[in-house]
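Welcome, and thanks for taking a look. Please have the sequence and the 3D view open together as you read.

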2 protein chains.
Amino acid sequence: MTFYTFTENKLRQFTERVFLKMGCPLADAQLAADVLLKSDLRGIDSHGVARLSGYVRLWEKQRINANPVIKIVHETATTATVDGDSGLGLVVAPFAMKIAIEKARIYGSGWVAVKNSNHFGIAGYHSLMAAEQEMIGISMTNASPLVAPTYSSERLLGTNPMCYAFPAGKYPPVIVDMATAAAANGKLEIAQRANQPIPEGWVQDSTGNTSTNPHQLKEGGSLLPLGSDKDHGSHKGYGLSATVDIFSAVLSGANYGPWVPPFVAFLEPPTDPVGEGIGHFLGAMRVDGFRPAQDFKDHLDNWIERFKSAKTVDADKKVIIPGEPEFAYEQERRISGIPLIDVVVNDLNELAKKLEIEGL
Amino acid sequence: MTFYTFTENKLRQFTERVFLKMGCPLADAQLAADVLLKSDLRGIDSHGVARLSGYVRLWEKQRINANPVIKIVHETATTATVDGDSGLGLVVAPFAMKIAIEKARIYGSGWVAVKNSNHFGIAGYHSLMAAEQEMIGISMTNASPLVAPTYSSERLLGTNPMCYAFPAGKYPPVIVDMATAAAANGKLEIAQRANQPIPEGWVQDSTGNTSTNPHQLKEGGSLLPLGSDKDHGSHKGYGLSATVDIFSAVLSGANYGPWVPPFVAFLEPPTDPVGEGIGHFLGAMRVDGFRPAQDFKDHLDNWIERFKSAKTVDADKKVIIPGEPEFAYEQERRISGIPLIDVVVNDLNELAKKLEIEGL
């Protein structure tokens with residue numbers, strides 16, 4: 001496994017070329033590239049440019065519309081539902097978050113449910129848009145079914161992430177951005193490549209028995225909800241994932257549960273959809289709708305400082321403030337560049353050949 | 001261990017007598033009793049009348065104000081902060097939720113942060129107030145520190161519950177109501193009484209080592225966040241608990257983290273408060289702010305039916321819809337009564353003697 005390091009700018013230009021070649025308008029190509037680059041910069045390599053080929057394959061199958069007419073289909077003063085017209089979630093979700101922020105600016109809070117969309121990248125990007133405006137940002141999305149609810153041997157829920165971003169004063173925003181499964185699919189993939197057993201509590205086999213086989217998902221198994229088993233609160237992880245599914249899809253009119261279309265082009269969407277595409281839910285609340293913004297930020301700084309200075313189990317491991325490691329990655333990678341593993345670089349250069357654009 | 005069964009009505013009248021004797025106005029006594037009875041009816045015995053003595057002891061120490069002047073101290077169209085004036089959370093939280101519902105009725109959504117409050121009972125009560133109005137109800141509260149964040153050997157967070165209630169059509173509302181710790185303190189107490197070891201992953205000792213000793217919390221140990229350890233996502237449970245703490249207290253001006261005052265009267269509050277009392281956060285969103293309410297309810301019914309009919313690991317265990325077991329308890333206990341264990345009955349009769357009111 002070899003790593004190649006690229007400047008942010010080089011990767012950004014390449015990513016924009018791909019989206020432009022798909023037929024995205026320039027502003028959309030730039031925005032979609034920005035979402036993916038943010039992920040790579042923040043060290044979340046699974047959700048960045050490594051996914052470009054996947055987006056292109058869905059576009060080739062006409063499951064992603066590069067030129068969507070994204071519009072509000074239902075609205076009150078502080079709520080709205082947006083139809084993404086099968087566009088890139090990377091473009092649809094920021095469109096929706098902008099509406100939420102605008103409503104929050106006027107009324108204190110704004111909430112937008114989205115249907116007929118696709119994978120929206122990292123949830124943190126969207127929540128951060130609000131946090132940069134002195135608002136609390138909330139984002140969630142449903143995803144294709146990989147997770148079995150407690151007691152189920154069937155996959156009925158996605159890894160359905162939820163994300164909350166809070167603006168601080170001296171410190172970077174606190175960003176809780178988490179899949180509601182016990183372990184991310186990306187962690188499984190690392191174990192698959194190394195052909196190493198995984199901890200109990202991440203997956204179960206097709207009959208519902210716990211398993212340490214990293215390839216279990218390809219054999220009909222399921223990821224387990226956060227909590228892993230009933231004794232350790234898997235019903236809570238299931239409940240959180242259900243919450244994300246209901247907000248993102250039952251509320252918006254997207255597909256939910258086992259009907260969510262797969263992210264991979266080689267699997268066909270269910271033939272009996274209960275809604276349109278996948279769904280997201282985005283929200284923004286003005287901090288100064290509750291107390292003066294400076295008071296909030298001062299106290300969040302104090303919260304951060306208290307938690308960072310906690311006594312720890314090991315002297316070399318500090319309590320981590322949610323969002324802080326990703327912020328540190330971003331500072332560092334903006335300067336020293338973004339490392340990509342060889343398989344990803346090769347895949348992107350193959351993609352460039354196929355699309356007849358300049359490679360990396 | 002013997003159980004005695006009481007009618008809802010008898011327990012309700014007793015509970016109202018206690019709150020009236022504390023000096024609560026009649027409407028407040030009735031409301032506070034309703035919140036506690038709802039908990040007992042729904043099978044959440046740890047949060048019902050069993051807590052009455054604890055409320056009285058805090059009132060005796062003047063940490064609960066039976067006659068609070070609850071008021072809005074900050075407001076926009078859809079947001080507000082409420083000062084609970086040290087009142088019972090059982091009264092303050094419904095006051096705040098009513099404001100959220102009223103704002104939602106006008107603007108689509110409403111959000112209220114609460115400071116200077118006390119224990120608010122079950123989160124589900126407050127969320128359900130919104131769900132009964134065809135709204136999505138959200139409620140959370142912080143609590144006195146028992147939980148250690150990932151890598152910490154200190155208790156810095158409460159079991160900080162979050163709750164989401166969604167109105168369905170043919171079925172009872174879906175109610176996700178969960179503490180963000182791996183195991184509820186109530187489960188520990190059961191193991192303590194039986195003097196039986198608890199599963200690994202619920203608690204750690206004072207140096208941060210995992211422990212199966214149910215008495216560990218009395219020896220300086222901590223509860224663990226949902227996820228139990230880093231490999232199984234304890235940083236996610238910590239992140240959720242942090243989210244609840246920030247919404248409930250950093251946003252409202254209540255105490256947060258290790259500064260949250262203890263629920264028990266024999267422990268003194270920190271002498272260096274960073275805010276006032278404990279905090280809650282309550283929200284309501286009109287379902288028809290996003291799509292016609294009947295569409296939402298029909299699809300939530302479909303969601304429920306699909307999950308209930310999932311293939312399961314054991315033939316005798318169905319997938320549970322969040323809130324359904326509690327709803328079933330409520331139907332049954334309204335008819336057959338509420339069972340209380342002898343220690344609780346004795347405690348309540350002692351309380352009656354002390355307060356010079358009619359016992360059970």
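Here is a short briefing, grouped by topic.

This is a predicted model, in which local features need pLDDT of at least 70, side-chain atom pairs count only at pLDDT 80 or more, and totals for chains, interfaces and linings use all residues. Residues are numbered from 1 along each chain as its sequence is written, chains are lettered from A and ligands numbered from 1 in the order in which they are written, and side-chain values use heavy atoms, with hydrogens and water left out.

**How the two chains meet**

- Between chain B and chain A, about 7500 Å² is buried, and 66% of that lies on carbon and sulfur atoms; buried area here is the accessible area (1.4 Å probe) that two parts lose on being put together, summed over both.
- On the chain B side, the residues that lose the most area to chain A are Tyr151(B), Lys236(B) and Phe290(B), together 11% of what that side buries.
- The contact involves 94 residues of chain B and 93 residues of chain A, where contact means heavy atoms within 4.5 Å.

**Domains of chain A**

- Chain A is assigned domain 1 (1–67 + 335–360) and domain 2 (68–182 + 224–308); such bounds come from an automatic or database domain assignment.
- Taken over C-alpha atoms, the centres of domain 1 of chain A and domain 2 of chain A are 23 Å apart.
- To their contact, domain 1 of chain A brings 23 residues and domain 2 of chain A brings 24 residues.
- These two domains of chain A bury about 2100 Å² between them, with carbon and sulfur atoms giving 64%.
- Val35(A), Arg63(A) and Asn65(A) supply 30% of the area that domain 1 of chain A buries against domain 2 of chain A, more than any other three residues.

- Strand β3 (residues 79–83) of chain A is largely enclosed by the rest of the structure, because five of its five residues are buried. Helices (H or I, at least four residues) and strands (E, at least two) are DSSP runs, numbered from the N terminus, and buried means under 20% relative accessible area, exposed over 50%, partly exposed in between (1.4 Å probe, protein chains only).
- Thr79(A), Thr81(A) and Asp83(A) are buried on one side of β3(A), and Ala80(A) and Val82(A) are buried on the other.
- Strand β2 (residues 71–75) of chain A runs antiparallel to β3(A), joined by four bridges; two strands pair if DSSP finds at least two bridges between them.
- A right-handed β-α-β unit is made by β3(A), helix α4 (residues 89–107) of chain A and β4(A). Right-handed means that, with the strands pointing away from the viewer, the path from the first strand over the helix to the second runs clockwise.

**A covered helix and a buried lysine**

- In helix α5 (residues 123–131) of chain A, nine of nine residues are buried.
- The cover over the buried residues of α5(A) includes α2, α4, β5 (135–141), β6 (162–166), β7 (174–178) and β11 (278–286) of chain A.
- Lys38(A), in helix α2 (residues 26–41) of chain A, is buried at a relative accessible area of 13%.
- Not counting residues up to four places away in sequence, Lys38(A) touches Ile122(A), Tyr125(A), Leu128(A), Glu330(A) and Arg334(A).

**Cysteines**

- Zero disulfides are found over all chains in a search of the whole structure, a disulfide being a pair of cysteine sulfur atoms within 2.5 Å.
- Cys163(A) is buried at a relative accessible area of 0%, and Cys163(B) is buried at 1%.

**Backbone points to check in chain B**

- Most residues other than glycine have a negative phi.
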